[in-house]
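Here is a quick walk through one structure, region by region. Have the viewer open and follow along.

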Amino acid sequence: MYDQINQTSQTSQKKSAFVALVGRPSVGKSTLVNFLCGAKVAIVSAVPQTTRNAIRGIVNREQGQLVLVDTPGRHDSEKKLNKKLRELSDRALDEADIVLYLLDATRAPGHEEDGIAARLAPLQNRLAVAVNKMDGKNAAYDGVREFLKRRLPDLTDERCFKISALNGEGTGSLLDGLYKMAPEGPALYGEDYYTDQDVPFRIAEIIREKAINRLREELPHSLYVDVADTEFRDEGKKLWVRAFIVTERESQKGMVVGKDGAMIKAIRQAAQKDMKKIFDWKIELDLRVKSSGDWRHNDALLKRLTGR
Ligand SMILES: Nc1nc2c(ncn2[C@@H]2O[C@H](COP(=O)(O)OP(=O)(O)OP(=O)(O)O)[C@@H](O)[C@H]2O)c(=O)[nH]1
Ligand SMILES: [Mg+2]
């Protein structure tokens, strides 16, 4: 049943590449993956460090197939979760045919940007850059380009793109550039794929997005979502899902539930609305809250949540 979104068809196309998107938290990596794939593949929020997995979105064109690998934003912190997320980003970089480095035109490059540029310096032969948020009121390209010239001197203007992931400006030229860089090879996924994520994972991510977008002040990083059970009902027309929003502390549960259950209801309704657009089945979501103690220091759970 789950195969409905991921039907395979054998195709052999001219070009094929894994493209790893890297950059600071909140630079717009997930927004760009969604725009280029034409579907919501990765969740987005104004809170930094939203992405916690290497999420694949797929672009199919006449010329071939690009597998975009969205990665967690790189942030200097020795906290366990951050280290784990950085490892994920490192692995995506090592495995990629092309590395697409995103910078934010509305922020002057600082110390953290120096660190990322240093990490990418040895990869300049397979590097492209997108300077994002060019639609922003205080967007300034020249300062970012100067920074890149200093830190990544081998990066040519042909591989440096000005874009807005929000309105799509410049993304056509960016895609053309990525296809130009891509090596020849067979498609790795059928043409009707736009992501390789399984259904329970996508459901958990959509719920997490709705929760963090509503609780951003109160509970920025202390939530995860566990899809505990799924079952097809009504002759396969409906998917019943039981999911838990899991907080770190018992005392945080109340915020997720809200006054008279208003918050969890809003999260459930918003998640169901999104899921309706994505899946062919009706979704019935039984959404609950529980606390699980200090999950950010639980190695087994971190491994499960970040996929490694
Ligand atoms: N103005 C403007 N805002 C953008 C653009 N791209 C992304 N954003 C906003 O920036 C915020 C962060 O976007 P994300 O796509 O979640 O950023 P990310 O790089 O995936 O962040 P992490 O997953 O935390 O590393 C959201 O509020 C987006 O709406 C853009 O081109 N222009
Ligand atoms: Mg993201």
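## Ground rules

Two strands count as paired if DSSP finds at least two bridges between them. Helices (H or I, at least four residues) and strands (E, at least two) are DSSP runs, numbered from the N terminus. This is a predicted model, where local features need pLDDT of at least 70, side-chain atom pairs count only at pLDDT 80 or more, and totals for chains, interfaces and linings use all residues. Residues are numbered from 1 along each chain as its sequence is written, chains are lettered from A and ligands numbered from 1 in the order in which they are written, and side-chain values use heavy atoms, with hydrogens and water left out.

## Strand β3 and its partners

Let's start with the hairpin: two residues join β2 to β3. These strands run antiparallel and pair over seven bridges, with R61 partnered by G64 in β3. On β1 (residues 15–23), the pairing with β3 is parallel, also over seven bridges, and L21 sits opposite D70.

How much of β3 (residues 64–70) is buried? Seven of its seven residues are, where buried means under 20% relative accessible area, exposed over 50% and partly exposed in between (1.4 Å probe, protein chains only). In a regular strand the side chains alternate between the two faces of the sheet. Here G64, L66, L68 and D70 are covered on one side, and Q65, V67 and V69 on the other.

## The magnesium site

S30 (OG) and T51 (OG1) coordinate the magnesium ion (ligand 2) at 1.9 to 2.1 Å. The two residues are 21 apart in the chain: S30 belongs to helix α1 (residues 29–37), while T51 lies in the loop between α1 and β2 (55–61). Both are buried. Donors are N, O and S atoms within 2.8 Å of the metal (3.2 Å for Na, K and Ca); water is not among the atoms, so sites may look incomplete.

## The β7-β8-β9 sheet

Another spot to look at is an open sheet of three strands, ordered β7-β8-β9, with mixed pairing. Its edge strands, β7 (223–233) and β9 (282–291), each pair on one side only. Strand β8 (residues 238–247) pairs with β9 in the parallel sense over 10 bridges, and V241 stands opposite L285 in β9.
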